Amino acid sequence: MKSQTITRKWYDETGERCLRFYKKSRDNEIIQLKDLLEKIPRKVRILDAGCGFGKPVAKFLSQKGYQVTGIDISSKLISQARKSTPKAKFKIMSMYDLKFPARTFNAIVSFFALLHLEKSKVQRIFKNFNKILKDRGYLLFSVNRGKKEGYFEFLGKKVFFSEFTKKEIEEILRRSGFRIIWRRDFFFKTPEGSKEHQLYYFVQKEKVRK
Ligand SMILES: C[S@@+](CC[C@H](N)C(=O)[O-])C[C@H]1O[C@@H](n2cnc3c(N)ncnc32)[C@H](O)[C@@H]1O
């Protein structure tokens, strides 16, 4: 798929720079994990979908004692993640093509990674998230709010981005068998001065979707 090939190349070449650019926003990911961690016991299995170089999220969860699996399409970021968080498992794998048995994970986290997917395919990915979660499992994820979809120049090169409205996300969640526990809005000012409206959702699997 063209959008994925371009995104993979972009992250192999620009990933570290991008993740540094968003350092402040990524610090907030750790804060938003709090409610999830209060609901699940230590040592259970968590998937970090689109984990980047594994910091801060996979590393933080692994240090807390969870069994963390991180997946990402960028082989460069995955090899850095393996070095920084040796106790977690990392695989080069796409969210378009999740290869885990049904009911594998107690929770899935996915921060700012679904925003690189083609919107028409996102519903199927949420259904697959539902399938690989254990019953009553949790999903915590973030995207950017808006209506754009396509190739946009960022840090000097084009990459594929999708933004979502609340209505779109909430319809996808309903159809995929998730109930919303909370939604939070954040307004992030990038180091370049542009503003992003970030949406975080904490949801729970309530129906099994095939
Ligand atoms: C903005 S970064 C976020 C990384 C990390 N979740 C964080 O918040 O620090 C987006 C990540 O999603 C990954 N990604 C993009 N498309 C993907 C796909 N189809 N499957 C898995 N990962 C993907 C990218 O390689 C990149 O590491």
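This is a predicted model: local features need pLDDT of at least 70, side-chain atom pairs count only at pLDDT 80 or more; totals for chains, interfaces and linings use all residues.
Trainee: In what order do the strands of the open sheet run?
Mentor: Start with the terms. Helices (H or I, at least four residues) and strands (E, at least two) are DSSP runs, numbered from the N terminus. Two strands pair if DSSP finds at least two bridges between them. Here 7 strands form an open sheet with mixed pairing, in the order β3-β2-β1-β4-β5-β9-β8.

Trainee: Which are the edge strands?
Mentor: Look for strands that pair on one side only. They are β3 (89-92) and β8 (178-189).

Trainee: What does the twist average from one strand to the next?
Mentor: Angles run from 0 to 180 degrees between N-to-C directions, and axes are lines fitted to C-alpha atoms, for helices over the stretch in contact. From one strand to the next, the twist averages 15°.

Trainee: In β3, which residue is the bridge partner of aspartate 72?
Mentor: β2 and β3 pair in the parallel sense, over 4 bridges. In β3, the partner of aspartate 72 is isoleucine 92.

Trainee: Which helix lies across β2 and β3?
Mentor: Contact means that the C-beta atoms of two residues, placed from the backbone, lie within 7 Å. The helix in question covers residues 75-84 and runs at about 170° to β3. It is α5.

Trainee: What angle does the direction of helix α7 make with that of β9?
Mentor: Helix α7 (residues 166-175) packs on the sheet. It touches β5 (133-144), β8 and β9 (195-205). Its direction and that of β9 make an angle of about 15°.

Trainee: Over how many bridges do β8 and β9 pair?
Mentor: These two strands form a hairpin with 5 residues between them, where glycine 193 takes a positive phi near 95°. Phenylalanine 187 has histidine 197 in β9 as its bridge partner. The pairing is antiparallel, and the bridges number 11.

Trainee: Which element gives the most to the shell around the ligand?
Mentor: A residue is near a molecule or strand if its C-beta atom, placed from the backbone, lies within 6 Å of it. Of the 23 residues around the ligand, Tyr11, Gly50, Gly52, Phe111 and Ala113 come nearest. Elements that give two or more residues are α1 (2-21), α2 (23-32) and β2 (67-72). The most, 5 residues, come from α1.

Trainee: Where is the proline that a cis peptide bond joins to lysine 55?
Mentor: The bond joins lysine 55 and proline 56, with omega about 5°. Proline 56 sits in the loop between β1 (45-49) and α4 (57-63).

Trainee: Is arginine 103 buried, exposed or partly exposed?
Mentor: A residue is buried if 20 or more other C-beta atoms, placed from the backbone, lie within 10 Å of its own, exposed if 12 or fewer, and partly exposed in between. Arginine 103 lies in the loop between β3 and β4 (105-111). Its phi is positive, about 55°, although it is not a glycine. Because it has 14 C-beta neighbours inside 10 Å, it counts as partly exposed.

Trainee: How far apart in space are serine 94 and isoleucine 73?
Mentor: Serine 94 is in the loop between β3 and β4. Not counting residues up to four places away in sequence, serine 94 touches Gln4 and Ile73. Serine 94 and isoleucine 73 are 21 residues apart in sequence, yet C-alpha to C-alpha the separation is 5.4 Å.

Note on methods. Residues are numbered from 1 along each chain as its sequence is written.
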